[in-house]
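Please open the structure in your viewer and keep the selection tool at hand.

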Amino acid sequence: MQADTLTTAAGVSVAGPLLLTPRVFGDGRGFFFESWNQQRFAELLAADGQPVLGFVQDNHSRSSRGVLRGLHYQLPPHPQGKLVRCVLGEIFDVAVDIRRSSPTFGQWVGVVLSAENHQQLWVPPGFAHGFLTLSEQAEVLYKTTDFWSRDCERAIRWDDPALAIAWPREGLAGAEPQLSEKDAVAPLLAELPATDLFS
């Protein structure tokens, strides 16, 4: 498995998120690849100067075209890192830096994850996460480093003009993304108190 750092649309490198690309073995019968290896993942995090975190839960979601989930995160004492992959269809996956002391605070990185490319996005604690479904249907699997906590859960508006996320909306035929009620009323980044962000 290979790990690559990501840059913003302006070419600025963002420390933390990693795009993981597995080695895929395929032939006429199909394919095989190692989707998770604790030892290798720990090596990749350590090589990037990140703390090695363990996972406690796997989640699985299914969404139809145009569904946008996010931007979600959890605060301490239950911050969540997420390792995200798409096993059916295609999504545009985004991580937003919400660490106030970071030189890239308020900037985002985004990648297309699909059943075809087998890639995964590591979204460490300190980042808000969201994705837009690009295919007719998409199924997303993600591991988390902590359990869900209602008290620690927060969200940021997906279309915050200060973030200016370039969501690929070509396949939506001019329609607005489909949001949950909670995501539709999420605050802007500038509206959040310092206590709702990472230091």
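Select Asn37 and Gln39 at the start of helix H1: a side-chain oxygen of Asn37 reaches to within 3.0 Å of the backbone nitrogen of Gln39. Helices here are DSSP runs of H or I with at least four residues, strands are runs of E with at least two, and both are numbered from the N terminus. The model is a predicted one, in which local features need pLDDT of at least 70, side-chain atom pairs count only at pLDDT 80 or more, and totals for chains, interfaces and linings use all residues. Residues are numbered from 1 along each chain as its sequence is written, and side-chain values use heavy atoms, with hydrogens and water left out.

Next, select the whole of H1, residues 38-47, and colour Phe41, Leu44 and Leu45, which are buried (under 20% relative accessible area; exposed is over 50% and partly exposed in between, with a 1.4 Å probe and protein chains only). These three cover an arc of only 95° around the axis, which puts them on the same side of H1; the arc is that of the directions from the helix axis to the C-beta atoms. An α-helix has 3.6 residues a turn, so residues three or four places apart point the same way. On the other side of H1, Gln39 and Ala47 are exposed.

What covers the buried residues of H1? Strands S1 (2-7), S2 (13-21), S7 (82-88) and S10 (120-123) are included in that cover. Just after the helix, Gly49 takes a positive phi of about 80°.

Now turn to the aromatic rings. The structure holds eight aromatic pairs, where rings of Phe, Tyr and Trp (its six-membered ring) pair if their centres lie within 6.5 Å; planes under 30 degrees apart count as stacked, over 60 as edge-to-face and the rest as tilted. Trp36 and Phe41 form a tilted pair, because their ring centres are 5.4 Å apart and their planes stand at 55°. Trp36 is partly exposed at 32% relative accessibility, whereas Phe41 is buried at 3%.

Ser63 is buried, with a relative accessible area of 3%. Its side chain and that of Arg69 are joined by a polar contact of 2.8 Å (a pair of N or O atoms within 3.5 Å; within protein, one must be able to donate a hydrogen and the other to accept it, and residues adjacent in sequence count only if both atoms are side-chain atoms).

Note on methods
Contact = heavy atoms within 4.5 Å.
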